[in-house]
Amino acid sequence: MRVAGLVLAAGGGRRFGMPKALVRHDGQLLVDRSIVVLRAARCAPVVVVLGAAADDVRARAALDGVAAVDNPDWTTGMGSSLRAGLAALADTGAAATVVILVDMPGVTAAAVRRVAAGAGRAELVMAGYDNGRSGHPVLIGRDHWAGVAALAVGDVGARPYLRAHAGAVRVVPCADVADDEDLDLASRA
């Protein structure tokens with residue numbers, strides 16, 4: 001089964017003060033790091049959704065071999081970016097996609113591989129972390145793309161759909177190979 005990779009990188013970084021796709025972390029743009037993680041996990045194709053400062057991201061990021069998709073509605077929140085990314089994957093042969101957020105540099109290729117193991121069209125998988133938290137990376141099987149897109153509005157991504165289908169969601173432990181810290185939260189520590 002082919003598993004695509006989807007990076008949500010369109011936000012303006014309101015709380016952070018700049019678009020996070022252009023933030024350097026450990027010497028690398030966060031958007032580049034996200035692409036490297038998905039490629040190392042053998043996701044193909046890789047789609048990156050851009051919005052804020054899209055022209056700057058295109059000029060500065062290593063987007064060769066990646067489908068960079070513009071989200072003209074990026075100011076409405078993450079939901080529109082997830083819908084744009086899933087729409088861009090519609091004509092691919094991918095059975096599922098792994099979704100990661102550009103502002104979570106603790107997500108690793110090992111975590112993506114774990115979440116993607118056994119991927120199929122009907123699968124829903126989330127990474128599990130300490131204290132019962134679950135989150136990214138998230139695998140969404142193709143059979144769920146339309147339902148996820150229908151509920152992804154405002155600053156909400158797949159979470160409402162995943163909650164509504166909680167019985168079908170498999171949580172894979174990833175705390176030993178990744179962390180789920182959001183860059184906004186880490187920068188305030």
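The model is a predicted one, where local features need pLDDT of at least 70, side-chain atom pairs count only at pLDDT 80 or more, and totals for chains, interfaces and linings use all residues. Residues are numbered from 1 along each chain as its sequence is written, and side-chain values use heavy atoms, with hydrogens and water left out.

Strand β6 has partners too. Here helices (H or I, at least four residues) and strands (E, at least two) are DSSP runs, numbered from the N terminus, and two strands pair if DSSP finds at least two bridges between them. β1 and β6 run parallel and are joined by six bridges; Ala4, for one, has Thr97 of β6 as its bridge partner. With β8, β6 pairs in the antiparallel sense, over four bridges, and Val98 sits opposite Leu139 of β8.

Next comes the largest pocket, which holds about 1000 Å³ of space. Rolling a probe the size of a water molecule over the atoms shows where empty space is left. On a 1 Å grid over the protein atoms alone, a cavity is a set of points where a 1.4 Å probe fits but cannot get out, whereas a pocket is an open set with protein on both sides within 12 Å along at least five of seven lines; lining residues have an atom within 4 Å of a point. Grid points are joined across faces, edges and corners, and a volume is the space filled by probe spheres set on the points. The largest pocket is lined by 39 residues, and Arg15, Met78, Leu101, Asp103 and Asp155 are the closest to its centre. Elements giving two or more residues to this lining are β1 (3-9), α3 (78-89), β6 (96-101), β8 (134-141), α6 (159-164) and α7 (183-188). Of these, β8 gives the most, with five residues. Sorted by class, the lining has 19 nonpolar, 11 polar and nine charged residues (Ala, Val, Leu, Ile, Met, Phe, Trp, Tyr, Cys and Pro count as nonpolar, Asp, Glu, Lys and Arg as charged, and the others, Gly among them, as polar).

Asp103 turns up again among the salt bridges (a side-chain nitrogen of Lys or Arg within 4 Å of a carboxyl oxygen of Asp or Glu), of which the structure holds six. Lys20 bridges to Asp103, with the closest N and O atoms 2.7 Å apart. This pair ties together distant parts of the chain, 83 residues apart: Lys20 is in the loop between β1 and β2 (24-25), and Asp103 in the loop between β6 and α4 (109-116). Lys20 is buried at 9% relative accessible area, and Asp103 is buried at 8%.

Two other salt bridges involve partly exposed residues. Arg121 meets Asp143 at 3.2 Å, N to O, and here the relative accessibility is 41% for Arg121 and 48% for Asp143. Arg170 and Glu123 come together at 3.5 Å, N to O; Arg170 is partly exposed at 34%, as is Glu123 at 26%.

Definitions and conventions:
Buried means under 20% relative accessible area, exposed over 50%, partly exposed in between (1.4 Å probe, protein chains only).
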